[in-house]
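Hi everyone, thanks for making time.

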Amino acid sequence: MPIICAAIGCNNTFVKGSEFRFYRFPLKKPQLVNEWVNSLGVKNFIPTAHTCLCSEHFRADCFRDLNGKQFLRVDAVPTIFSQGQDSSKIELRKRGVIPKHHWSQSERQHSPASTG
Ligand SMILES: [Zn+2]
């Protein structure tokens, strides 16, 4: 199974020798995962152990050099997403679509409280 970047509008795939690096979601840190998902901008996105983002979405200061290799900082959050290009796709979500019932139970239960 190929490793594909989970970011919207990013089709980077892991290939050997590529300069892109892929990072899994920090599932051991739910709070950090939340930040990643928020930054990703996808609602109800549930990352799995195989969900990755490529290095394109992390600022340079998210990395640190160690023995000539670049490592992602443990608290790094991806912030670079090119949502400007494909914003029309993102805004497809519907809103305000609430099915109306024939009768509303909550209304029936609500009795006018008149103090007299
Ligand atoms: Zn990517």
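So, which residues make up the largest nonpolar core? Before I answer, two bits of housekeeping. This is a predicted model, where local features need pLDDT of at least 70, side-chain atom pairs count only at pLDDT 80 or more, and totals for chains, interfaces and linings use all residues. Residues are numbered from 1 along each chain as its sequence is written.

Okay, the core. The largest one has eight residues: Cys5, Ala6, Ala7, Phe25, Trp36, Leu40, Leu53 and Cys54. By nonpolar core I mean a set of buried Ala, Val, Leu, Ile, Met, Phe, Trp, Tyr and Cys residues joined through C-beta atoms within 7 Å. Helix H1 (30-40) and strand E2 (52-54) are the elements that give two or more residues to this core. Helices (H or I, at least four residues) and strands (E, at least two) are DSSP runs, numbered from the N terminus. In general, nonpolar side chains tend to be buried together in soluble globular proteins.

And buried? That takes 20 or more other C-beta atoms within 10 Å of a residue's own; 12 or fewer is exposed, in between is partly exposed, and C-beta atoms are placed from the backbone. Of the 116 residues here, 12% count as buried.

Leaving aside neighbours within four places in sequence, Cys54 is in contact with Cys5, Cys10, Asn12, Phe20, Arg21 and Phe22. Contact means that the two C-beta atoms, placed from the backbone, lie within 7 Å.

Zooming out, we have three helices and four strands, running β-α-β-β-β-α-α from the N terminus.

Now the hairpin. Strands E3 (residues 63-66) and E4 (residues 69-72) pair in the antiparallel sense, over four bridges; pairing just needs DSSP to find at least two bridges between two strands. Arg64 has Phe71 as its bridge partner in E4, and Leu66 stands opposite Lys69. There are two residues between the strands, and Asn67 takes a positive phi near 55°.

Last stop: Pro2, in the segment before strand E1 (22-24). Is Pro2 buried or exposed? Exposed, because Pro2 has 6 C-beta neighbours inside 10 Å. Not counting residues up to four places away in sequence, Pro2 touches Thr13 and Phe14. Pro2 and Thr13 are 11 residues apart in sequence, and 7.1 Å apart in space, C-alpha to C-alpha.
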